[in-house]
Amino acid sequence: EPWPIDAAPALIDPVAIGLFDENPRARLEAVIAIARLQLIDLAGEVAKRLEDPDQVEAHTVVQSLIALQGSEACFAVVDEAGLTGPRRDAALRVLQALHSSDVVDGLLLRLRHETDPHRRQGLLTALCRLHFAEGVWKGNSWGTRPDTTGPYYQPEKWSESDRIATALRDVLAAATGDEAAFLMLQLHRHQVRLDGTLERAVAMAKSDPALIPAAIAE
């Protein structure tokens, strides 16, 4: 259960202060502590470390925000005007790991209103990743040649899969050029099979040679 913020006031200030320590090890331990204590109110402060120069801490920040279910803090980063690059990408990595209808709602809303091609790519990738969820391993053997295609070992549909598929299909139907190629490659990468995708890929490749690699992958 989340740690009640008002039940441990003595813990909060020292932990939060640790996020701004010059020592990367101290920052790392602060991020881990916040996640383990489920100090959800500090998710926004943790999100400020998404682009920490220390790669171990940057990775731990992403994992901690996933543990905190820190979608609100990550959407705040995604919404920063004109922001592209590692910090926004890291926030989207958190969101694409949170299988929640609220997260899907937020991504779809932003995709409808986003016009910048590069910023749209991150939203599309997150939606492709969320199309499936990892299934529960039932104890059966993978055999001598396990499937390593990923991103899930046992991809299964969940409550939002159909809605995500419909949205991605609509985007692909209207997409041209670079966005069409990017989305087709992401669908292939995430093992998402949409009705009509192959036909759409072939039709677009006939008129735009730049889309041939994406069509071949599909």
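**Close-up views of a predicted model**

Tryptophan 142 is found in the loop between β1 (133-134) and β2 (155-156), where helices (H or I, at least four residues) and strands (E, at least two) are DSSP runs numbered from the N terminus. This is a predicted model, in which local features need pLDDT of at least 70 and side-chain atom pairs count only at pLDDT 80 or more, while totals for chains, interfaces and linings use all residues. Residues are numbered from 1 along each chain as its sequence is written, and side-chain values use heavy atoms, with hydrogens and water left out.

**View 1. Helix α5 against helix α6.** The axes of α5 (residues 71-78) and α6 (residues 86-95) come within 9 Å and cross at roughly 145°, the axes being lines fitted to C-alpha atoms, for helices over the stretch in contact, with angles that run from 0 to 180 degrees between N-to-C directions. The crossing of α5 and α6 is left-handed, a term used if the near helix is turned anticlockwise from the far one by less than a right angle, and right-handed if clockwise. From α5, Ser71, Cys74, Phe75, Val77 and Val78 make the contact with Arg87, Arg88, Ala91, Leu92, Val94 and Leu95 of α6, where contact means heavy atoms within 4.5 Å. Divided by class, this contact of α5 with α6 has eight nonpolar, one polar and two charged residues; Ala, Val, Leu, Ile, Met, Phe, Trp, Tyr, Cys and Pro count as nonpolar, Asp, Glu, Lys and Arg as charged, and the others, Gly among them, as polar.

**View 2. Helix α4 against helix α6.** Helix α6 also meets α4, with axes that come within 9 Å and cross at roughly 40°, in a right-handed crossing. Val62, Leu65 and Ile66 of α4 make the contact with Ala90, Arg93 and Val94 of α6, and the residues of this contact divide into five nonpolar, no polar and one charged.

**View 3. Helix α9 against helix α10.** With their axes 9 Å apart, α9 (residues 161-174) and α10 (residues 177-189) pack at an angle of about 145°, and their crossing is left-handed. Leu168, Val171 and Leu172 in α9 meet Glu179, Ala180, Leu183, Met184 and Leu187 in α10, a contact with seven nonpolar, no polar and one charged residues.

**View 4. A salt bridge between arginine 27 and aspartate 52.** The side chains of arginine 27 and aspartate 52 meet in a salt bridge at 2.9 Å, N to O, the term standing for a side-chain nitrogen of Lys or Arg within 4 Å of a carboxyl oxygen of Asp or Glu. The pair links distant parts of the chain, 25 residues apart, with arginine 27 in helix α2 (residues 24-36) and aspartate 52 in the loop between α3 (43-47) and α4 (55-68). The structure holds 14 salt bridges.
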